[in-house]
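Here's a friendly walk through one structure, chain by chain and helix by helix. Keep the picture open while you read.

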Amino acid sequence: MKPLYDLINRDLKIAFFTSSNFLFTASFFILIVVLIPFIFGSDSEQLRIIFKGIIWISISLSILLTLERIFYSDYEDGSLDLILQRYESLEIIICAKYIAHWVINCLPLIVILPFLSLLFQLTFSDIFPILINLVIGSMGMVFVATFVSALTLGAKRTIFLKGIILIPLLVPFIIFGVDPHSWPILIALSMMSFVISIYASAYGLRLYGE
Amino acid sequence: MGGYGFYVWSSYIIFFVTISYVFIVNLMKLNEKKKKLINLEKHSDQSS
Amino acid sequence: MYLKLKKSYFDVLDRFTPFLIIMTIVSFIIGSYFALYGSPPDYIQGDSMRIMYVHVPSAWWALMSYSVLAVSCTIWFITRNPFFNLIAKSIAPIGAVFTLIALVTGSIWGKPTWGVWWVWDARLTSMLLLFFLYLAYIFLWQAISNKDLASKISAALAMIGFINVPIIKFSVDWWNTLHQPASISKLSSPSIDESMLIPLFIMAFASLCFLITMFSVRLRIEFIESRISRLRQKIYD
């Protein structure tokens, strides 16, 4: 458990001290939400429906935008090589990335969501099923994003390419995430993507470690 | 075509134009590569 | 990429290509005659259902090409024989073209049937996502300059995409039943008359011939490319 803790601690420290990622993702979400009334007008009934959809758009966008930070920034400055040398088990490194990345990029959205929903006259009981789906779904999305990031480490023209690879893989999560009753399917999907992601990310990291 | 002529013909035209475009482009690419290969083989024979 | 394949293998492909081309052209001519004149119009949709004879075969072969791609990538994972990676690499663009044709003709068929060019119907949407899976595979090959690495990565991606295809199909069906009125699926007629099956099968056969022709041509391009890169190495060494 010590290496897992160390790696998570390292990523959180980097996020907290260098570019203040917590604030970045939260403010990104707030900014997207602020745009909604400007686009769709101030009819609160309509806004309520749109708000539920915008949550999923902003979470997939924030996952896409921070995709490079999972492995690529470590790969670029060479610290990925050091991590691969220091820690024997690839699975530990990958699991640490899941947790750290989820805490940095998805947790701020989930924490801020109940407060933002007040702006759209949504009560907590309205938002609660969405919140549950968001917690499960964002975990699954992080699993997918991690293996996409690990597999495309050596690719040029990266962000568009990664978008084309990532978005079709995220579609099932969004479809089941929007429906408040389908959380069991969402759990199954997330577990499945966890299994695939462990193998695929380890495969990707092993290729670049060679 | 019972009022649907535009849709039917345009879809057939799109189908055949796309297919022949793909066909011609790939044949041209193949010929180009063949020429390149022959040149290289000559070159490697001379050097060896 | 080193290939332990003899030159005679692709000489055989060379000899078969004219025969394949002739078969493709002849069967397309026969198929188009039956599709456009030799078959009666549908009694509900009228002549607009003649679009089916190009739309349905394209959709079939688009799905089949993706299965071939994924299966050959899986075999590559087991045997590590680069030949299977070349199969996958050469069939991907053809499958993408068929997917694109299926999307465009489906949209054209939608205009007289539904009154609109595009409907977020389960089949059209999952075809669109399939098109993006093809694009991702093709772009990944282009984006990674080290071809050996590109083959390994894209094979993994193709397998994951193949797992994703049924999930997408299932989820899009689910989404469709939630959000769409049932009347939209007018296209799914349960029984097709026999007189429509004949042109459909001829057109499907013709498209398959075209697919095999293009596949053999692209496979030869890949062979030659690998030979060229090997010769280059030899010369520069």
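The contact between chain B and chain C takes 27 residues from chain B and 29 residues from chain C. Here, two residues are in contact if their C-beta atoms, placed from the backbone, lie within 7 Å. Sort the chain B side that touches chain C by class and you get 14 nonpolar, eight polar and five charged residues. For these classes, Ala, Val, Leu, Ile, Met, Phe, Trp, Tyr, Cys and Pro count as nonpolar, Asp, Glu, Lys and Arg as charged, and the others, Gly among them, as polar.

A quick word on what you're looking at: this is a predicted model, where local features need pLDDT of at least 70, side-chain atom pairs count only at pLDDT 80 or more, and totals for chains, interfaces and linings use all residues. Residues are numbered from 1 along each chain as its sequence is written, while chains are lettered from A and ligands numbered from 1 in the order in which they are written.

What does chain B look like by itself? It has one helix and zero strands. Helices (H or I, at least four residues) and strands (E, at least two) are DSSP runs, numbered from the N terminus. The C-alpha trace of chain B spans about 70 × 10 × 5 Å along its principal axes. Of the 48 residues in chain B, 17% are buried. Buried means that 20 or more other C-beta atoms lie within 10 Å of a residue's own; exposed means 12 or fewer, and partly exposed is in between, with C-beta atoms placed from the backbone.

Now for chain C and chain A. Their contact takes 25 residues from chain C and 19 residues from chain A. On the chain C side, helix 4 (122–143) and helix 5 (147–179) each supply at least two residues, and helix 5 gives the largest share, 15 residues. By class, that side of chain C has 21 nonpolar, three polar and one charged residues.

Axes are lines fitted to C-alpha atoms, for helices over the stretch in contact, and angles run from 0 to 180 degrees between N-to-C directions.

| Helix pair | Angle | Axis distance |
|---|---|---|
| Helix 10 (residues 158–178) of chain A and helix 4 of chain C | about 150 degrees | 9 Å |
| Helix 9 (residues 124–151) of chain A and helix 11 (residues 183–209) of chain A | about 20 degrees | 8 Å |

Angles under 35 degrees count as roughly parallel, over 145 as roughly antiparallel, 65 to 115 as roughly perpendicular and the rest as oblique. So helix 10 of chain A and helix 4 of chain C are roughly antiparallel, and their contact has 13 nonpolar, no polar and no charged residues. Helix 9 and helix 11 of chain A are therefore roughly parallel, and their contact divides into 15 nonpolar, nine polar and no charged residues.

Which residues have the most contacts inside the largest nonpolar core? They are A:V142, A:V144, A:A145, C:A88, C:L140 and C:L157, in a core of 120 residues. A nonpolar core is a set of buried Ala, Val, Leu, Ile, Met, Phe, Trp, Tyr and Cys residues joined through C-beta atoms within 7 Å. Helix 3 (residues 82–114) of chain C brings the largest share of this core, 15 residues.

Finally, is A:V111 buried or exposed? With 11 C-beta neighbours inside 10 Å, A:V111 counts as exposed. You'll find A:V111 in helix 8 (residues 107–118) of chain A.
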